[in-house]
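Hi,

Here is the structure I promised to pass on. Have a look at it first, and then read my notes below.

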Amino acid sequence: MTAIILDGKELSKISEESIKQRVVDLSEKGIKPTLATILVGNDPASETYVKMKRNTCARVGMESIAIELPETTTTDELLETIKKLNEDDSVHGILLQHPVPSQIDERLCFDAISINKDVDGVTCLGFGNMSMGINAYGSCTPAGIIRLIKHHNIEVQGLNAVVVGRSPILGKPMAMMLLNLNATVTICHSRTLELDNIIKNADLIVGAVGIPKFIKTYWIKKNAIVIDAGYHPEKCGDIDLDNIDRIASAYTPVPGGVGPMTINTLILHTVQSAEKGIVD
Ligand code: NAP
């Protein structure tokens, strides 16, 4: 059996075409979908991520407003910026680029984002709502993974899903989204014992660890679905994907799997917000 390649680059291109049309439809009603990006400090990786998000907005005809704050910004100053954007009716989505400098209370600032504009799915309220199956914009990376899985008609109900990583933006929401689709979910982290044995029983694995090629090919069960959320400068992810096409039934390539879906999901959520908060 040939493994299905869960090609995020291809799906995001298809999705961009439909988003472009939705932007045109909104423009005809006098609404210009707008994403506000907030970058605090001078982290080069963060600057690149924000630039990529703004470029994608431009490609589909959306507006983006770039707010750049100095490294010395305080929590109160950032809260004030978020408050203004919450009150600005021309802004449909707010992205606060993670991480912010250490003097800032990042959680407080994330949670200051209005739930209606939380298109990046970073607020506790959004996470809670999503977990309870109430309409909310889920965190973009796991939401993008779910879109990729659904696009390929992969049924996760009843599968043994193992998520390696429990970060607020990735591992935890990923686990809740899979649970909501009736998978049986195990969440693993740095204190998990016998990780290899847990993965050996997984029908679906999500690698969200942040360590290059951390999950070994020989831990993976034949015909498992393999999702690699990691991306490292050496162009590999968190899973060793060498020979994965001979083992997995489906897998996300790195690059070109999960990454493109993350940005695409952010702009999709912003358009949905402009369409008045209708979410999938
Ligand atoms: P993170 O906040 O650093 O979280 C990493 C998670 O991995 C933590 O929960 C940690 O456990 C766990 N972990 C660390 N060492 C482990 C070990 N030895 N065994 C098992 N679990 C271990 O990272 P993140 O933000 O979730 O990102 C994870 C990966 O996804 C990274 O490679 C990142 O580059 C990538 N990413 C990609 C996108 C995208 O758009 N494609 C977006 C975001 C992130 P503890 O909780 O116990 O510390």
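Let's start with a term: a salt bridge is a side-chain nitrogen of Lys or Arg within 4 Å of a carboxyl oxygen of Asp or Glu. Keep in mind that this is a predicted model.

With that cut-off, Glu87 and Lys83 make a salt bridge, because their closest N and O atoms are 3.5 Å apart. Both sit in helix H3, which covers residues 75-87, and they are 4 residues apart, or about one helical turn. As for the surface, Glu87 is exposed at 52% relative accessible area, while Lys83 is partly exposed at 44%.

How many salt bridges turn up in the whole structure? The search finds 7. Here are two others to click on.

- Arg59 and Glu16: their side chains meet at 2.7 Å, N to O. Arg59 belongs to helix H2 (residues 44-59) and Glu16 to helix H1 (residues 8-28), so this pair ties together parts that are 43 residues apart in sequence. Arg59 is partly exposed, with 47% relative accessibility, but Glu16 is buried at 10%.
- Arg107 and Asp111: here the N to O distance is 3.1 Å. Both residues are in helix H4 (residues 106-112), 4 residues apart, again about one turn. Arg107 is partly exposed at 32% relative accessibility, and Asp111 is partly exposed too, at 34%.

Now back to H3. Which of its residues are buried? They are Thr75, Leu78, Thr81, Ile82 and Leu85. If you look down the axis of H3, these buried residues fall within an arc of 125°, so they line one face of the helix. On the other side of H3 you'll find Asp76, Lys84 and Glu87 exposed, and Glu87 is the salt-bridge partner of Lys83 from above.

And what do the buried residues of H3 pack against? Their neighbours are strand E2 (34-40), strand E3 (63-69), strand E4 (93-96) and H4.

Cheers

Definitions and conventions: Residues are numbered from 1 along each chain as its sequence is written. This is a predicted model: local features need pLDDT of at least 70, side-chain atom pairs count only at pLDDT 80 or more; totals for chains, interfaces and linings use all residues. Side-chain values use heavy atoms; hydrogens and water are left out. Helices (H or I, at least four residues) and strands (E, at least two) are DSSP runs, numbered from the N terminus. Buried means under 20% relative accessible area, exposed over 50%, partly exposed in between (1.4 Å probe, protein chains only). The arc is that of the directions from the helix axis to the C-beta atoms. Contact means heavy atoms within 4.5 Å.
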